[in-house]
Amino acid sequence: MRAGRARPLRAADMKKDVRILLVGEPRVGKTSLIMSLVSEEFPEEVPPRAEEITIPADVTPERVPTHIVDYSEAEQSDEQLHQEISQANVICIVYAVNNKHSIDKVTSRWIPLINERTDKDSRLPLILVGNKSDLVEYSSMETILPIMNQYTEIETCVECSAKNLKNISELFYYAQKAVLHPTGPLYCPEEKERICFNTPLAPQALEDVKNVVRKHISDGVADSGLTLKGFLFLHTLFIQRGRHETTWTVLRRFGYDDDLDLTPEYLFPLLKIPPDCTTELNHHAYLFLQSTFDKHDLDRDCALSPDELKDLFKVFPYIPWGPDVNNTVCTNERGWITYQGFLSQWTLTTYLDVQRCLEYLGYLGYSILTEQESQASAITVTRDKKIDLQKKQTQRNVFRCNVIGVKNCGKSGVLQALLGRNLSRQKKIRDDHKSYYAINTVYVYGQEKYLLLHDISESEFLTEAEIICDVVCLVYDVSNPKSFEYCARIFKQHFMDSRIPCLIIAAKSDLHEVKQEYSISPADFCRKHKMPPPQAFTCNTADAPSKDIFVKLTTMAMYPEDQYRDRLSRDMGHTDRIENLRKIWVFLKTALHVTQADLKSSTFWLRASFGATVFAVLGFAMYKALLKQR
């Protein structure tokens with residue numbers, strides 16, 4: 001007979017073979033068990049120790065090569081025993097059912113010895129083997145069960161007989177199974193709960209399965225399918241009946257290893273990213289993330305509370321977002337991440353660290369739930385930026401802007417302003433929760449794009465990683481006479497001859513402006529280098545700060561090289577031209593205004609003739625002006 005139980009231990013990685021070690025007191029029948037298995041008959045003469053035996057994969061139930069190792073106290077030293085323990089995948093502690101001394105040694109010697117030689121977090125599964133059952137008419141289980149309850153690393157107990165071959169094959173099958181289909185990661189005996197993730201059942205067995213579940217649990221089936229509670233009950237039943245392999249087959253099908261960790265192959269599918277290309281989420285990924293957000297936004301306030309966010313991350317082995325995320329993306333007034341902020345953070349992660357994004361999507365089950373081959377199907381790899389410059393257009397949706405300036409010049413204010421936060425809200429941010437990134441959506445010519453701001457720390461020379469971006473924002477403090485000099489120097493060192501457009505921001509424009517200690521003024525510097533004029537900016541406002549500079553930065557990033565500046569210059573003069581055209585139109589209306597008296601006047605036709613000429617000339621001018629605007 002046998003008794004099974006669970007153990008809270010970590011199993012090794014997926015095994016290519018199994019190594020079984022037999023230990024126990026002298027003369028309990030270890031060697032006889034091995035020889036009876038191999039020869040299928042009880043040996044008349046038994047050597048002190050059997051040689052290591054390898055059973056080929058094709059003759060084992062699990063199709064895995066199995067090595068069986070004997071231990072002899074008479075022939076081997078303690079050091080050799082310790083080495084064998086360290087190499088084993090499972091250990092069978094053999095005792096004689098008719099020998100109380102050998103049973104006592106299970107707990108007084110063998111289990112402590114094995115535990116001392118193994119890592120506490122990855123203890124070996126143990127099988128208790130009661131040999132010589134042919135010599136008694138009673139079972140040792142009454143004595144063994146308390147031992148099993150005391151030591152959770154014991155996988156199962158088998159009573160057998162080497163002499164009459166009782167349970168010999170079963171013994172080694174259970175040992176092999178304890179390695180390949182361990183109970184511990186699946187089942188907690190104290191709480192009688194299954195501790196793995198939800199996965200679907202084979203369709204052909206569903207009807208039988210539902211009937212079994214209905215019989216034992218009232219709310220296990222709903223809408224002709226299994227509920228989570230029913231699914232977990234079913235696999236608990238499998239485990240309690242020793243059908244561990246059924247549960248493991250399901251888990252391994254969906255990427256779990258023997259530790260119930262998702263395998264690297266599943267979490268990090270191959271994704272090739274050529275140089276000068278970026279990574280973005282595609283439409284299908286955003287739809288998946290939208291449904292994920294909606295599922296966990298229980299109060300439907302379009303924001304995730306700390307508890308809702310914690311619930312979302314339950315399937316993660318760690319909490320992936322720190323408190324800085326709340327200052328990287330949009331939040332509501334309570335500081336909770338909004339729907340827009342949620343998508344923005346995923347967009348940021350995809351852009352900066354696509355491997356981490358693949359990992360996160362793996363934990364959320366993206367490929368399973370969307371029926372895709374892997375999470376890589378959620379990613380768009382953009383084309384080389386050189387092609388965008390050649391074609392003078394881009395297909396990208398995420399643009400990176402490096403924000404550069406001396407310390408305390410107002411860079412943090414620029415980042416937080418992108419998220420709609422004025423100075424009073426910014427003052428509430430804790431120093432240890434500050435972020436060097438900010439990301440939000442910006443509309444440019446009716447298109448929604450993501451602008452990613454990166455605060456670059458002040459230094460004499462920028463690294464290559466700090467230079468690479470789509471647009472540069474050079475920030476100086478109008479109230480600090482020394483702040484512009486750094487912007488000018490960095491521009492000349494790194495960007496003057498580059499193809500990266502730059503915009504200069506005159507921050508803290510609500511303060512008194514002082515003359516900058518530089519050879520020329522910021523305005524003259526911009527004219528000299530054919531840049532847009534300095535943009536006045538402040539976040540010391542009653543409402544959310546103006547987003548004009550973010551639209552300008554995104555526009556500059558979207559359109560290649562010279563078109564950046566030309567298009568921006570046209571946009572900046574657009575208002576003036578419209579106003580001039582309006583004045584011309586008013587003038588024409590005034591000049592040609594007629595009354596009933598005019599119709600009778602002898603000079604009317606002369607005025608009309610002159611007016612028609614003016615209309616023709618100015619109308620053509622207006623037409624040309626409108627064409628240029630297009």
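Threonine 441 lies in strand 17, which spans residues 437–444. In this predicted model, threonine 441 has a relative accessibility of 12% and therefore counts as buried, the cut-off being under 20%. Leaving aside residues up to four places away in sequence, threonine 441 touches Gln340, Glu448, Lys449 and Tyr450. One of these partners, Gln340, falls within the range of helix 12 (339–352).

Helix 12 also meets helix 13. The two axes come within 5 Å and cross at roughly 130°. Helix 12 and helix 13 are therefore oblique to each other. On the helix 12 side, the contact uses Trp346, Thr349, Thr350 and Leu352. Helix 13 contributes Val354, Arg356, Cys357, Tyr360 and Leu361. Sorted by class, the contact between helix 12 and helix 13 holds 6 nonpolar, 2 polar and 1 charged residues.

Helix 13 itself covers residues 354–363. Of its 10 residues, 8 are buried, so helix 13 is largely enclosed by the rest of the structure. The buried set consists of Val354, Cys357, Leu358, Glu359, Tyr360, Leu361, Gly362 and Tyr363. Val354, Cys357, Tyr360 and Leu361 belong to this buried set and also take part in the contact with helix 12. Just after helix 13, glycine 365 adopts a positive phi of about 75°.

One annotated region follows. An unreviewed UniProt entry places the feature "domain: EF-hand" at residues 284–319. Over this stretch the chain is 56% helix and 6% strand. The C-alpha atoms at the ends of residues 284–319 are 24 Å apart.

Helix 1, at residues 30–39, is mostly covered. Here 7 of the 10 residues are buried. These are Lys30, Thr31, Ser32, Leu33, Ile34, Ser36 and Leu37. The buried residues of helix 1 pack against strand 2 (18–24), strand 3 (53–55), strand 4 (66–70), strand 5 (90–96) and strand 6 (126–131). Helix 5 (168–180) is a further partner of helix 1. Just after helix 1, glutamate 40 takes a positive phi of about 60°.

A second helix pair was examined. Two packed helices are described by the angle between their axes and the distance between the axes. Helix 2 (residues 78–87) and helix 3 (residues 100–116) pack at an angle of about 65°, and their axes are 10 Å apart. That angle makes helix 2 roughly perpendicular to helix 3. The crossing of helix 2 and helix 3 is right-handed. Helix 2 makes the contact through Leu81, His82 and Ile85. Helix 3 answers with Trp110, Leu113 and Ile114. This contact of helix 2 with helix 3 divides into 5 nonpolar residues, 1 polar and no charged.

The protein as a whole contains 24 helices and 21 strands. Buried residues make up 49% of its 630 residues. Among contacts between residues at least 6 apart in sequence, 72% join residues at least 24 apart.

How values were computed: Residues are numbered from 1 along each chain as its sequence is written. This is a predicted model: local features need pLDDT of at least 70, side-chain atom pairs count only at pLDDT 80 or more; totals for chains, interfaces and linings use all residues. Side-chain values use heavy atoms; hydrogens and water are left out. Buried means under 20% relative accessible area, exposed over 50%, partly exposed in between (1.4 Å probe, protein chains only). Helices (H or I, at least four residues) and strands (E, at least two) are DSSP runs, numbered from the N terminus. Contact means heavy atoms within 4.5 Å. Axes are lines fitted to C-alpha atoms, for helices over the stretch in contact, and angles run from 0 to 180 degrees between N-to-C directions. Angles under 35 degrees count as roughly parallel, over 145 as roughly antiparallel, 65 to 115 as roughly perpendicular and the rest as oblique. A crossing is left-handed if the near helix is turned anticlockwise from the far one by less than a right angle, and right-handed if clockwise. Ala, Val, Leu, Ile, Met, Phe, Trp, Tyr, Cys and Pro count as nonpolar, Asp, Glu, Lys and Arg as charged, and the others, Gly among them, as polar. UniProt positions are given in the numbering used here, feature names are shortened, and annotations may be inferred rather than shown by experiment.
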